[in-house]
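Please look over the sequence and the model below.

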Amino acid sequence: KQWYQRRVAITVGGNISPGPCADVFKGSLFFPDVQRTSEMMELPYKPLKDFEKSVFIKGSLPTQKTLAACQILYPDYMEQLTRQSWLGLYSHDMDMTDKGNILQFAEAAQIPDVDKLLEFSVGNEAKQQLISNTTEAL
């Protein structure tokens with residue numbers, strides 16, 4: 001959550017995100033942050049083949065909405081789903097926007113009703129939860 005709060009603060013503060021920024025110093029801080037997060041959370045990290053495409057072009061909105069839905073429906077599974085999502089992106093270089101991959105993350109997290117979670121994630125309540133989380137992070 002701390003990394004997310006920092007990321008939101010950067011965006012809302014009018015700063016350019018470290019990826020496309022011409023300032024090499026700012027961009028150079030991102031990868032060590034991801035590596036430190038990997039070590040702190042005890043999750044393996046492998047650099048993405050196409051970082052810019054995965055993170056800045058495709059993004060992770062469907063996964064974020066699924067996490068927001070999980071926060072509402074299955075809060076006890078939130079950490080495990082977050083970990084599985086991390087592993088998918090930063091260990092296996094999986095597409096975070098692909099519904100099949102999101103399904104795989106949810107199954108690996110042992111979500112009780114994966115279909116219900118995925119259906120709920122495309123609804124307004126999950127979207128509002130994500131907005132609320134973003135606002136809280138600010």
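## Model and core

This is a predicted model. Its largest nonpolar core has 26 residues. Within that core, L81, Y90, I111 and L117 have the most contacts. Five helices each supply at least two core residues: α2 (24–40), α4, α5, α6 (99–108) and α7. The largest share comes from α5, with five residues.

Y90 deserves a look of its own. Leaving aside neighbours within four places in sequence, Y90 is in contact with F30, V34, P44, Y45, K46, L48 and V55.

## S85 in helix α5

S85 is found in helix α5, which spans residues 78–91. Its relative accessible area is 5%, so S85 counts as buried, the cut-off being under 20%.

Which residues does S85 contact, leaving aside its neighbours within four places in sequence? They are T63, L67, M96 and F105. Take L67: S85 and L67 are 18 residues apart in sequence. Their C-alpha atoms are 9.1 Å apart in space.

## Where α4 meets α7

Helix α4 covers residues 61–73, and helix α7 covers residues 114–121. Their axes come within 8 Å and cross at roughly 115 degrees. The crossing of α4 past α7 is right-handed.

On the α4 side, the contact residues are K65, T66, A69, C70, I72 and L73. On the α7 side, they are K116, L117, L118, F120 and S121. By class, this contact has seven nonpolar, two polar and two charged residues. L117 is also among the core residues with the most contacts.

## Salt bridges

How many salt bridges does the model have? The count comes to two.

One joins the side chains of D95 and K58, at 3.0 Å from N to O. This pair links distant parts of the chain, 37 residues apart. D95 is in the loop between α5 and α6, while K58 is in helix α3 (residues 51–58). D95 has 23% relative accessibility, so D95 counts as partly exposed. K58 is also partly exposed, at 39%.

The other bridge is between E79 and R83, whose closest N and O atoms are 3.1 Å apart. Both residues lie in helix α5, four residues apart, about one turn of the helix. R83 counts as partly exposed, at 21%.

Definitions and conventions: Residues numbered from 1 in each chain as written. Predicted model: local features only at pLDDT ≥ 70, side-chain atom pairs only at ≥ 80, totals over all residues. Heavy atoms only, no water. Axes fitted to C-alpha atoms, helices over the stretch in contact; angles between N-to-C directions. Left-handed = near helix turned anticlockwise from the far one by under 90°. Contact = heavy atoms within 4.5 Å. Nonpolar A, V, L, I, M, F, W, Y, C, P; charged D, E, K, R; others polar. Buried < 20%, exposed > 50% of the residue type's maximum accessible area, 1.4 Å probe, protein only. Core = buried A, V, L, I, M, F, W, Y, C linked by side-chain atoms within 4.5 Å. Salt bridge = Lys/Arg side-chain N within 4 Å of Asp/Glu carboxyl O.
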